[in-house]
Amino acid sequence: MCAAGIPPSRRLSSYIPATVGPWLSEADRVYGPETVFGYIDGAGEVYRSYNMRLLVARRFHKDGRPDIVVDAFDMGAPEDAFGVFTHDLDGDDAGVGQGSVYKAGLLAFWKDRYFVSVYAEAETDETRAAVVALGREVAGAIPGRGEPPGLLRALPAEGLETRTVRFLHTHPILNYHFFVADENILLLGRETGAVLAEYGEAGGRSRLLVVRHKSARRAARAEASFRRAYLPEASGAEAVRTENGKWTAVRAWGRHLAVVFDAATAEEAAGRLDAVKRRLEEERS
Amino acid sequence: MSPKPVTRRDFLKVAAAAPLAGAAVPAVRGLSPSTARAPAGDKVRVVLVRDPAPLGPGGAPPAEVVQRMLDDGVRALLGEQDVVKAWKSLIGPDDVVGIKTNSWRYIPTTAEVEQALKRRVMDAGVAEDRIGIDDQGVLRHPVFQKATALVNARPMRSHYWSGVGSLIKNYIMFAPRPSAWHGDACADLAKIWDLPAVKGKTRLNVLVMFTPLFHSVGPHNYAKEYTWDYKGLILSRDPVAADATGLRVIQAKRREHFGDDRPLPVAPHHIRLADTRHHLGTSDPARIELVKLGWAEGAMI
């Protein structure tokens, strides 16, 4: 039971309407982190990686029309709702909730601690309109708003491709977006937060990863682990020129670790790390 | 941990040596470069059979077309012109046979494939009450509990966590806790094939490629936009070789659709590891004899 005495699944269900246009809803199905595989197979691992608490799935049916499915996830915290939303940013901004994308019959958005997917099993003009209308109705029913992860403020604004910003916890998710290593050389886990983003123009694109570990000691260990596995020739140097002629640099301070991949020059990499450090210090002060 | 993790830089090294190969490396980690020079005599046979007949609403060709595709495939796979004789070399009348299918809502194995398989298992002399067809319930199914032989049939599709849903992965429902096999992008799925319920029992693998999914979106991993009518079946005694062949089709479709060599977001390395780590079968195309039958247009491999 939540603080207000309403079970979380009933609260989440209450945000989803009973009908959309001519479509009528079927009975809700409710899943937790241990049962989600029975509904979406191994894809459930993505949501578990973001600490999902609850999923309410509601199917809308109308004879002769494609079904529409609402999957509403209670992720427990806004930063994880934001994070799982950033897992798949392919699509156009639909202006729903606190961030949304629409593509191929699928609308995904986040608001407060909720991530919601509205999906039409076949895309037509009618289902496209219904999916977006349904999404707006669900978003409107969710009363609160959530803060995106504070770690996003570590990203320097200059050159940032804002549509590439992702928040994550675990190394399989990092590898999904940007393969670093087959083993967890950055010591990522459910207790760490990380932001990954791209910078610059196509062709000259670099990536920045900023990780917040649970302790300074853990961040220092992660830096050593990364250097050993990824930059073994670095000795004391911060940056190394890799096989593609670009530069990778790593630095840790306090609980934070930052890595720049594929910078055009060592100076560019160092400059970006300096900027991250400045922003984190500004945040603290 | 292994002595040295594989990092992005390992792929950059390959790219520097051979630019075109390097572009594809993350996508083809499911295949094994280490065995590329295997002797030709060691080749494993895989049959790709396709038919241009229109697909029905369930995503399969008409039942008679599916039966013909399956029969042609089995004949070519086993080198036996009489299809019943061919099946009798796979299955005996005393066998108890489980046909492990896949009931995923959007792209199932299809009833047409299930019934075509069942018919030939019966032609091999197995009584109907000794044949079971199931997916999620195999551990509770009385036929599967007594099975002496298995036929493994499922569609290939891109997958958020394992790169692709494969024949190797199809046996995950024989594990008491399937999610326990999700670690490292399902790297060690092939070990499931050592479980007593399945070890040594598989007589035929059928990878259904009627409407493969080549790209995943959303919680359900699915958008119709990312499927196409390939209208094929891939058959092999070796699940790894069949999966490696299906993966080549998926990758070729991704290149065609996206216009570049875009890797699957999660490398389907469980296919390579099924070969190199678990020795379940052969993943290297150079060690696979691919026999292509039927409709050739758009075969992609």
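In chain B, the helix α9(B) has these buried residues: B:H269, B:H270, B:I271, B:R272, B:L273, B:A274 and B:D275. Bear in mind that this is a predicted model. With seven of its eight residues buried, α9(B) is largely enclosed by the rest of the structure. What does the covering? Part of the answer is α7 (183-186) and α8 of chain B, which are included in what covers the buried residues of α9(B).

Helix α8 (residues 239-258) of chain B packs against helix α9 (residues 269-276) of chain B at an angle of about 150 degrees, and their axes are 10 Å apart. That angle makes α8(B) roughly antiparallel to α9(B). As for handedness, the crossing of α8(B) and α9(B) is left-handed. On the α8(B) side, the residues that meet α9(B) are B:V240, B:D243, B:A244 and B:L247, and their counterparts in α9(B) are B:I271, B:A274 and B:D275. Sorted by type, the residues of this contact are five nonpolar, two charged and no polar.

Now step back along chain B to the loop between β7 (232-236) and α8, where you'll find B:R237. Is B:R237 buried, exposed or something in between? B:R237 has 17 other C-beta atoms within 10 Å, so it counts as partly exposed. Leaving out residues up to four places away in sequence, B:R237 touches B:L204 and B:N205.

Next comes strand β6 (residues 202-213) of chain B, which is mostly covered, with 11 of its 12 residues buried.

| Strand pair | Sense | Bridges | Residues opposite each other |
|---|---|---|---|
| β4 (149-159) and β6 of chain B | parallel | seven bridges | B:L150 and B:T202 |
| β13 (247-253) and β14 (256-263) of chain A | antiparallel | six bridges | A:V250 and A:V259 |

Over in chain A, that last pair belongs to an open sheet of six strands, in the order β9-β10-β11-β14-β13-β12, with antiparallel pairing. At the edges stand β9 (160-168) and β12 (239-241) of chain A; each has a single partner strand, so one side of each is left without a neighbour in the sheet. From one strand to the next, the twist averages 15 degrees.

Two helices go with this sheet. Helix α7 (residues 216-230) of chain A packs on it, touching β11 (206-212), β13 and β14 of chain A, and its direction makes about 160 degrees with that of β13(A). Helix α8 (residues 266-284) of chain A lies across β11, β12, β13 and β14 of chain A, running at about 150 degrees to β14(A).

Finally, how do the two chains meet? The contact takes 30 residues from chain A and 29 residues from chain B. Which element gives the most to the side of chain B that touches chain A? That is helix α1 (residues 8-17) of chain B, with six residues. By type, the residues on this side of chain B are 16 nonpolar, eight polar and five charged.

Conventions
Residues are numbered from 1 along each chain as its sequence is written. Chains are lettered from A and ligands numbered from 1 in the order in which they are written. This is a predicted model: local features need pLDDT of at least 70, side-chain atom pairs count only at pLDDT 80 or more; totals for chains, interfaces and linings use all residues. Two residues are in contact if their C-beta atoms, placed from the backbone, lie within 7 Å. Helices (H or I, at least four residues) and strands (E, at least two) are DSSP runs, numbered from the N terminus. Ala, Val, Leu, Ile, Met, Phe, Trp, Tyr, Cys and Pro count as nonpolar, Asp, Glu, Lys and Arg as charged, and the others, Gly among them, as polar. Axes are lines fitted to C-alpha atoms, for helices over the stretch in contact, and angles run from 0 to 180 degrees between N-to-C directions. Angles under 35 degrees count as roughly parallel, over 145 as roughly antiparallel, 65 to 115 as roughly perpendicular and the rest as oblique. A crossing is left-handed if the near helix is turned anticlockwise from the far one by less than a right angle, and right-handed if clockwise. A residue is buried if 20 or more other C-beta atoms lie within 10 Å of its own, exposed if 12 or fewer, and partly exposed in between; C-beta atoms are placed from the backbone. Two strands pair if DSSP finds at least two bridges between them.
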